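Let's take a friendly walk through a protein model. Have the picture ready, and turn it around as you read.

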Amino acid sequence: MGSIRLNTPPFATEASVVLNVLQSDATNGLSSIETEKRLKEYGFNKIEEQKSRNVGFIFLSQFKSPIVWFLCFAAGLSFYFGEWLDGIAILIVILINAIIGFYMEYQAERSMNALKKLSAVPAKVLRDKKLEEINAEDIVPGDVVYIEAGDMVPADGRIFNASQLQIDESALTGESVPVEKQTGKLQADITLAERNNMVYKGTYSTKGNGYVVITETGMDTELGKIARMVQLADQAATPLEKKLEDFSKKLIWITVALVVVIFIAGLLNGQKILEMLETSIALAVAAIPEGLPIVATMALAQGMMKMARHNVIVKKLSAVETLGGTNVICTDKTGTLTQNKIEVNSILTPAENTEALEIINCIAVLCNTAELQNRNGAIKEIGDPLETGLLKFALKNNINIQEYRNRFPKTKEEPFSSETKIMATLHQTEKEYTVYAKGASEELLMRCTHILEKNGITELYKEKKEHWLQKAEKLADTGLRVIAGAYKPTTSADEDLSKNLVFAGLFGMIDPPREEVYAAIEECKSAGINVIMITGDHPATAKNIALKLGIVGDNNAKVVPGKEMKNYEQLSEEEKTNWLNTKIFARVSPKQKLDLVSVLQERKNIVGMTGDGVNDAPALKKADIGIAMGLRGTQVSQEVADMVLKDDSFSSIVIAIKQGRIIFDNIRKFVIFLLSCNLSELMVIATASIFNLHFQLFPLQILFINLITDVLPALALGVTGGSSNIMRQPPRNINEPIIDRKRWIAISFYSIIIGTTSVGAVLISHFTIHKTETWNPELCNNILFFTLIFSQLLHVFNMGSSGSSFFRSEVFRNKYVWRAIVFSILILLSVYFIIPVREVLSLYEMSVYDWLVSIAASIVSLIIIQIGKRLGIAKQ
């Protein structure tokens with residue numbers, strides 16, 4: 001972080017003087033040796049963030065739960081009444097739970113930090129006489145940065161070259177209208193908002209382009225100064241975390257009511273107050289899955305990392321939940337549905353001679369801001385794929401790109417915009433100037449008054465315009481992307497660049513569909529997701545690609561062109577319905593994208609919207625899931641989006657939706673499993689207390705059961721791969737609770753079966769194996785203890801999706817579930833055979849027949865629940 005001090009502010013100093021003081025070169029930039037030296041001196045160009053919580057703080061935060069305090073209170077009472085063994089054991093359980101919670105939270109934080117590194121912001125800088133793309137954090141004072149429409153400004157800088165450059169500074173000044181920038185010197189006493197020869201970190205370009213020399217970086221920027229004064233707010237909880245929190249609060253009240261009943265029943269039946277107090281608190285811990293928010297955050301963070309491996313960077317945790325409910329995807333065509341490997345396939349010129357081809361080559365090379373750089377024999381493409389495709393076409397025609405650009409230097413530019421759909425540049429020739437332009441065929445032909453034919457330049461009559469529009473239509477019908485080229489000789493440097501042009505010809509450019517997209521769209525259809533193509537391309541080209549990919553089924557499918565789309569405020573209900581029934585929108589402006597999102601959301605759809613341009617930002621923000629392109633997307637679109645596709649592929653969106661569904665489904669499985677296990681314990685203890693049975697579970701046994709069954713199997717459910725039919729289900733309503741009425745019925749059914757078979761095992765052992773009138777409370781307790789554990793461990797297999805085969809379910813095929821069960825059983829056996837630990841848990845030796853009864857009862861509970869699921873009694 002730093003700056004090189006000037007005698008006067010940079011905005012009140014001539015740009016040439018600023019460059020000189022900063023020892024920078026407007027043409028060549030800094031050398032790599034100099035930038036390394038300045039990076040060491042001034043530090044990285046980044047805003048200091050709130051420091052990550054240290055390891056000790058994360059560990060101590062595990063003891064903040066009121067439930068843990070209650071448990072500590074119970075341990076204290078045990079020590080007070082001389083029950084040293086119980087007190088120590090309870091503290092050990094608290095420590096184990098804290099270690100597990102710490103590990104999960106620590107892993108989640110590491111995952112989130114790794115994701116931040118994946119979403120670094122790039123910047124284009126001149127270094128060693130070349131324009132190259134680097135991480136914006138590596139920018140130093142004196143760097144020459146190139147900024148164009150859609151770029152985030154990486155640091156504060158003085159503008160020395162600008163072409164219609166406009167910067168949105170609303171994030172810094174609150175001014176909503178973009179500022180027109182210039183290069184002249186200003187007064188020293190003007191306000192920040194008036195410094196129109198400066199750019200500031202955190203703002204972004206909405207139009208044009210320009211070169212700036214960096215004057216301040218990192219915390220010395222205007223944004224950095226504000227960051228110093230503002231204390232960063234804590235990150236808000238995601239909707240899912242809020243649902244889990246609300247759910248836990250409701251569960252606490254239910255548990256308190258049950259615990260009070262059990263406590264009073266125990267006292268009435270002659271139990272000791274201390275024993276019942278410990279039992280009640282242990283039950284409260286058993287019933288309330290206090291680790292849910294941490295586990296949910298970990299599941300979300302791990303899911304986000306998994307998506308990152310599939311080229312999807314999810315920037316907000318809340319987006320993962322929304323992904324599972326998405327039922328409409330509005331997708332761009334170029335690069336998302338297609339390969340974005342654009343090449344010139346055919347050229348049509350009215351003149352069909354050498355002069356016409358020379359002009360076509362000039363348009364391809366000069367009306368173009370892209371670059372092809374030769375790096376160790378490999379060609380690196382920098383810029384828009386369409387423009388790099390034009391440069392490759394020129395190379396095939398043996399054109400020396402750099403020689404052309406040096407011979408015909410650019411003096412003026414009208415950048416491409418989604419509103420005009422054209423780009424034009426003015427170039428100096430030996431004696432005069434020439435305008436070169438390219439753009440959408442229908443837009444550019446409207447601005448042409450003449451045409452270059454075999455016999456020279458002639459007037460472009462209406463009939464000829466129609467003729468060439470039809471030719472463009474025919475090219476588009478074959479699936480080619482069509483752009484037109486034009487030029488205009490002029491003697492004036494102040495010529496209007498987009499009027500009275502001479503039409504030169506058409507470029508037919510091929511961009512084949514991605515091979516994997518067809519299957520992805522079919523998967524969307526089976527998942528109840530409506531795919532809508534929104535493109536700025538020609539309607540015929542859009543329909544051709546939509547047919548190939550199965551977005552529409554026949555050639556009669558309707559295409560709505562942008563010129564037929566009214567403003568949202570003017571739409572009738574019939575017109576809105578017409579939009580809802582349309583799959584292809586062509587020649588669409590960013591404002592029309594925003595209107596379409598509004599119509600879709602008005603009809604209660606959850607909309608995912610792709611975008612790559614600066615003007616797409618409002619639609620991306622408005623959509624439930626804004627999806628920016630990582631390869632060709634502007635920095636602004638990536639900044640406002642909820643997720644970024646590193647490969648720009650539509651199939652990556654489908655993978656993200658699938659993963660979003662799996663994550664929520666796994667969290668739901670986790671909750672159902674925990675609740676049904678914990679409520680089965682509550683039911684058993686409540687039954688024993690109310691009916692004054694001869695057997696009961698002890699507090700330490702309850703804690704141990706939860707330690708065995710709630711940790712490893714439950715965590716293994718969190719990494720289940722997902723059901724094979726998860727993308728054959730309709731999208732989830734994002735407003736529905738985690739546990740709805742149907743799932744509460746399932747939880748109650750599971751709890752009753754597990755509790756009943758566990759108590760049944762005790763009764764079978766007593767009345768059929770031992771056949772004694774006198775009850776053996778220790779043996780009964782042990783059979784109940786082991787049956788509950790075995791039943792709950794096997795119960796994890798009941799978490800497979802309803803309708804799936806037991807042996808082919810996603811849970812049965814989850815290797816982590818099997819490992820969790822085996823490890824839990826090994827822990828259980830070690831506890832049984834290590835005498836001191838066995839005594840702590842009040843366990844005794846059991847006969848083979850008692851073990852068989854316990855295991856058989858557990859298997860019976862599994863079979864009954866599976867039958868119930870098949871009969872539709874319990875649905876998940």
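## Finding a pocket

On a 1 Å grid over the protein atoms alone, a pocket is an open set of points where a 1.4 Å probe fits, with protein on both sides within 12 Å along at least five of seven lines; lining residues have an atom within 4 Å of a point. Which residues lie nearest the centre of the second largest pocket? They are Tyr-146, Tyr-211, Glu-371, Arg-405 and Lys-410, among the 33 residues that line this pocket. The second largest pocket has a volume of about 1100 Å³, where volume is the space filled by probe spheres set on grid points joined across faces, edges and corners.

The lining holds twelve nonpolar, 13 polar and eight charged residues. Here Ala, Val, Leu, Ile, Met, Phe, Trp, Tyr, Cys and Pro count as nonpolar, Asp, Glu, Lys and Arg as charged, and the others, Gly among them, as polar. Helices (H or I, at least four residues) and strands (E, at least two) are DSSP runs numbered from the N terminus. Strand β5 gives the most to this lining, with five residues, and the elements that supply at least two each include β2 (122-127), β4 (144-148) and α14 (401-407).

Residues are numbered from 1 along each chain as its sequence is written, and side-chain values use heavy atoms, leaving out hydrogens and water.

The pLDDT is the predictor's confidence in each residue, from 0 to 100. Its mean over the chain is 85, and 90% of the residues reach 70 or more. Over residues 230-236, however, the pLDDT is below 50. Where pLDDT is low, the predicted coordinates should not be read in detail.

Two strands pair if DSSP finds at least two bridges between them. Strand β2 pairs with β3 (residues 130-135) in the antiparallel sense over six bridges, and Ala-123 stands opposite Ile-134. Two residues separate β2 and β3 in this hairpin, and Asp-128 in the turn has a positive phi of about 50°.

Strands β12 (residues 371-375) and β13 (residues 378-382) run antiparallel, joined by five bridges. Gln-373 has Lys-380 as its bridge partner.

## An open sheet

Eight strands form an open, mixed sheet in the order β9-β26-β25-β24-β10-β21-β23-β22. Strands β9 (312-314) and β22 (559-561) stand at the edges with a single partner strand each, so one side of each is left without a neighbour in the sheet. Strand β22 runs parallel to β23 (residues 584-586), joined by three bridges, and Val-559 stands opposite Ile-584.

Notes
This is a predicted model: local features need pLDDT of at least 70, side-chain atom pairs count only at pLDDT 80 or more; totals for chains, interfaces and linings use all residues. Contact means heavy atoms within 4.5 Å.
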